[in-house]
Amino acid sequence: MGSALLGLGVMAVAVIVAILLGRRLSRPIQAIAGQAMRVADFDLDGVSPLPRSRVLELDNQASAFNAMLIGLRAFSTYIPRSLVAKLVRTGEVGIAEPREAVVTVMFTDIAGFTTLSEQMDAAAAARLLNHHSRSCAARSMHMAVLSTSSWAMACWRSSARRTV
């Protein structure tokens, strides 16, 4: 009888330890899933880097996630977020692979940008360029905008009729 009670006690302790350990391991997994959902919604400003973990696999996952987040933020600094979001949301494999297509090309220039940018800090100049790129991208749902310095080049798929 005594050994049966001891066995039940050990089993109860083991179940409690398993539940506590499971909860401790599931918290970082739930955090990763929550942050990944924000990335999927392209809410990059609302995504926080994941903390390191003592569990090797969770630490590797957090490091890879944080590197992906840095890359997406850097990419969306120079390419309009609407385009990056569209690429991310398609889920299509090879969406960014090169392929032939008939496109319309538009070049734009911000007159006096050099003089204007000399009076701005880097963040303000980047906001101006991103605004310029977004306003160009607003012209078409299928537009890709490449922007650097004071100019932007926009490309989008052409319809059957000619664009003037």
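Colleague: How many salt bridges does the count come to?

Modeller: Side chains of opposite charge can pair when their charged atoms come close. The rule here asks for a side-chain nitrogen of Lys or Arg within 4 Å of a carboxyl oxygen of Asp or Glu. By this rule the count is one salt bridge. Before going on, note that this is a predicted model, in which local features need pLDDT of at least 70, side-chain atom pairs count only at pLDDT 80 or more, and totals for chains, interfaces and linings use all residues. Residues are numbered from 1 along each chain as its sequence is written, and side-chain values use heavy atoms, with hydrogens and water left out.

Colleague: Which residue forms a salt bridge with arginine 52, and how far apart are the closest N and O atoms?

Modeller: The partner is aspartate 59, and the closest N and O atoms are 2.7 Å apart.

Colleague: Are arginine 52 and aspartate 59 buried or exposed?

Modeller: Buried means under 20% relative accessible area, exposed over 50%, and partly exposed in between (1.4 Å probe, protein chains only). Arginine 52 counts as exposed because its relative accessibility is 67%. Aspartate 59 has 9% relative accessibility and therefore counts as buried.

Colleague: What else does aspartate 59 reach?

Modeller: Its side chain comes to 3.2 Å from the backbone nitrogen of serine 53. With contact meaning heavy atoms within 4.5 Å, and leaving aside residues up to four places away in sequence, aspartate 59 touches Arg52 and Ser53. Aspartate 59 itself lies in helix H2, residues 56–78.

Colleague: How do the elements of the protein chain run from the N terminus on?

Modeller: Helices (H or I, at least four residues) and strands (E, at least two) are DSSP runs, numbered from the N terminus. The chain has five helices and three strands, in the order α-α-α-β-α-α-β-β.

Colleague: Which residues make up the largest nonpolar core?

Modeller: In soluble globular proteins, nonpolar side chains tend to be buried together. A nonpolar core is a set of buried Ala, Val, Leu, Ile, Met, Phe, Trp, Tyr and Cys residues joined through side-chain atoms within 4.5 Å. The largest one here has eleven residues: Ile32, Val39, Phe42, Leu44, Val47, Leu50, Ala62, Phe65, Leu69, Leu72 and Ala85. H1 and H2 each supply at least two residues of this core, and H2 gives the most, with four. Beyond four places in sequence, phenylalanine 65 touches Gln35, Ala36, Val39, Val47, Ser48 and Leu50.

Colleague: What percentage of the 164 residues count as buried?

Modeller: The figure is 24%. As for contacts with a separation of 6 or more, 55% join residues 24 or more positions apart.

Colleague: Which residues form a nonpolar patch on the surface?

Modeller: Accessible areas come from the Shrake-Rupley method with a 1.4 Å probe; for residues, only the protein chains shown count as cover. Patches take residues with over 30% relative accessible area and no salt bridge, joining like charges within 9 Å and nonpolar side chains (Val, Leu, Ile, Met, Phe, Trp, Tyr) within 5 Å. Met1, Leu5, Leu8, Met11, Val15 and Ile19 form this patch, with about 670 Å² of accessible area together. Leucine 8 is in helix H1, residues 2–40. The chain's accessible surface is about 11,900 Å², and 63% of that belongs to carbon and sulfur atoms.

Terms used
Polar contact = N/O pair within 3.5 Å; in protein donor to acceptor, adjacent residues only side chain to side chain.
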